[in-house]
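Let's take a friendly walk through a protein together. Have a look at the chain below before reading on.

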Amino acid sequence: MALIFMALTATSVAAQQNLSVRPMRVEADVPANRTSRVVLRVNNRHATRTEPINLSVVDLTQNSDGTLRVVTDEMREEMPPESLRASSRQWVELPAERIVIPPETTQEIPVLLSVPPDARGAFASGIMIRTDAPEVPEGEEGEQTAVFAISFGFLIPLFTEIEGRPVRQDISIGNVRMEFDDGRNDQGEQEAEPTTRAFMEISNDGQTFSELRGDIVVEGRAGENWRTVTRATLPERSILPGLDLDLSADLDRRLPSGEYRLLGNLQVDGRRLPRFERVIDFEGDPEIDNVAFDTALTLSPPRLALKAVPGATRTNTIEVGNPGELPLNVKIGITTPESLQGVAMGEMRGEDISAAQWSDARPSEITLQGGQRRNIRVLSRMPREGMDYANYYADITLSGRYEDGQSAGETNSRLHIRQQQIGNAPAGILDQMGISISEQAEYIVQTRFVNTGNVDIEPQVQTELINETGNVVSRALLTGEPGQLLPLGTRSYAGVINISDIAPLDYTLRVVAAYEGVRLFDRQLPVRIDIVTEATEDEPEVREMTILDE
């Protein structure tokens with residue numbers, strides 16, 4: 001990610017835009033007591049101007065919403081030591097504090113990460129690259145144009161996982177809650193439409209840097225039963241060791257006061273935690289009497305698949321239905337899937353396989369009475385040139401609103417257009433693999449699958465523990481988000497292996513990704529299982545799995 005601290009005059013803005021930095025994020029797996037070398041490349045594209053840059057290493061923390069934040073000296077004095085226990089700032093060595101980059105030159109900046117012998121778990125810090133603040137122009141008051149002497153810079157996060165002995169994964173939901181937001185600022189001025197927000201408090205008391213995916217189901221009291229009001233998806237985030245996050249989602253509706261049940265669902269590195277449940281007495285919008293329940297708009301067929309050749313126009317019909325009793329205003333949008341936005345691999349960019357720019361729904365807005373159904377045409381005009389890929393995708397989103405403007409939820413579907421002149425080529429890699437401790441004798445095996453092929457797939461991922469004779473002594477299925485994974489998409493998977501009955505020997509831990517029975521990729525780690533505490537009359541035997549040097 002890039003942090004632009006703002007450029008000052010029109011001249012300085014243009015100057016700073018000549019700089020680019022790669023990579024913008026570093027993830028490294030390094031054994032303890034080793035030194036790893038990372039190379040940053042800063043490119044000065046200007047034809048004549050020399051650009052000096054200032055380098056520094058900074059601590060990183062996270063805001064409550066999960067976004068990264070640089071720790072200032074003032075912040076550090078007020079922060080409890082525990083909140084910075086995952087800092088790697090002291091390990092990082094830069095070649096210099098200041099470097100001058102000649103015109104039209106790419107300068108390599110070697111960064112050394114010297115990991116201490118006792119380091120375990122996940123750590124983070126950041127490299128700050130900043131330009132000099134521009135000079136304030138000379139001149140009398142009234143003759144100068146307004147300037148702000150603020151520098152322009154980049155922040156490159158460094159995330160380090162220590163190889164070797166697995167560490168404990170201890171991430172939990174601390175609370176779920178709901179708040180009414182009246183849309184007013186501290187001065188009482190109306191800045192936004194009133195709404196209701198749902199929150200999930202998440203704590204990382206372990207030593208892993210883990211990926212989070214979650215949602216909150218809001219239910220309202222309906223007599224003796226509960227009825228689903230809405231399901232709010234939380235932003236996808238990762239969490240550093242020792243930190244607490246407070247992730248939120250806008251419910252896009254004003255809920256009245258009353259009794260509600262909140263159900264918190266959280267996946268950590270692809271593994272679902274037990275559901276968190278809480279019943280609350282909610283103080284809501286005093287001007288609202290009725291609950292705006294989600295109405296699950298129906299869509300038939302649920303997935304629209306078309307075949308086409310370059311230059312062809314294809315039209316299909318989908319049926320949209322309102323199963324509720326109240327009228328709904330429905331918008332039908334066709335957009336680029338989120339997983340295709342801003343990603344690339346080789347010459348393929350995610351936007352290149354989006355069908356959204358040449359597809360549309362007609363009509364794009366309708367009103368449906370309770371129980372009414374209506375046909376919508378989806379028109380796709382495949383361009384004649386540049387159709388170099390086998391499959392193209394778009395999201396079809398039905399957004400419903402009640403007549404008073406309250407949200408009635410969304411229904412999502414997928415548009416898939418098969419380019420018949422090019423064959424499908426399923427492929428994928430496992431770009432990471434790790435082990436962490438869950439409970440005694442239970443180890444979480446985590447991996448991340450990347451779809452490197454040209455077609456959507458739903459891979460099957462499993463882990464195997466193999467002895468020295470090649471026999472599989474334990475096997476476990478790894479789970480992740482269900483459904484088809486688009487090309488260039490990534491998905492985390494995790495599962496548990498119990499070693500309580502596994503003989504203390506050396507093994508190979510292997511993760512295998514397959515599709516329709518065909519192996520796509522596998523990764524493996526040499527591991528050892530040892531008895532660390534013999535069984536007694538009062539306590540069972542304790543075993544431990546460690547990763548050996550590869």
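Which backbone oxygen does the side chain of T463 reach? The side chain of T463 reaches the backbone oxygen of R510, at 3.1 Å. T463 sits in strand β35, residues 460-466, and is buried, with a relative accessible area of 0%. Here, buried means under 20% relative accessible area, exposed over 50%, and partly exposed in between (1.4 Å probe, protein chains only).

This is a predicted model, in which local features need pLDDT of at least 70, side-chain atom pairs count only at pLDDT 80 or more, and totals for chains, interfaces and linings use all residues. Residues are numbered from 1 along each chain as its sequence is written, and side-chain values use heavy atoms, with hydrogens and water left out.

Of its 550 residues, 47% are buried.

Now for the charges. Side chains of opposite charge can pair when their charged atoms come close. A salt bridge is a side-chain nitrogen of Lys or Arg within 4 Å of a carboxyl oxygen of Asp or Glu, and the count comes to 35. Three of them are shown here:

| Salt bridge | N to O distance |
|---|---|
| R261 and E219 | 2.7 Å |
| R303 and D456 | 3.1 Å |
| R414 and D395 | 2.8 Å |

Both R414 and D395 are buried. R261 is buried at 19%, and E219 is buried at 9%. R303, at 32%, counts as partly exposed, whereas D456 is buried at 7%.

Key. Helices (H or I, at least four residues) and strands (E, at least two) are DSSP runs, numbered from the N terminus. A polar contact is a pair of N or O atoms within 3.5 Å; within protein, one must be able to donate a hydrogen and the other to accept it, and residues adjacent in sequence count only if both atoms are side-chain atoms.
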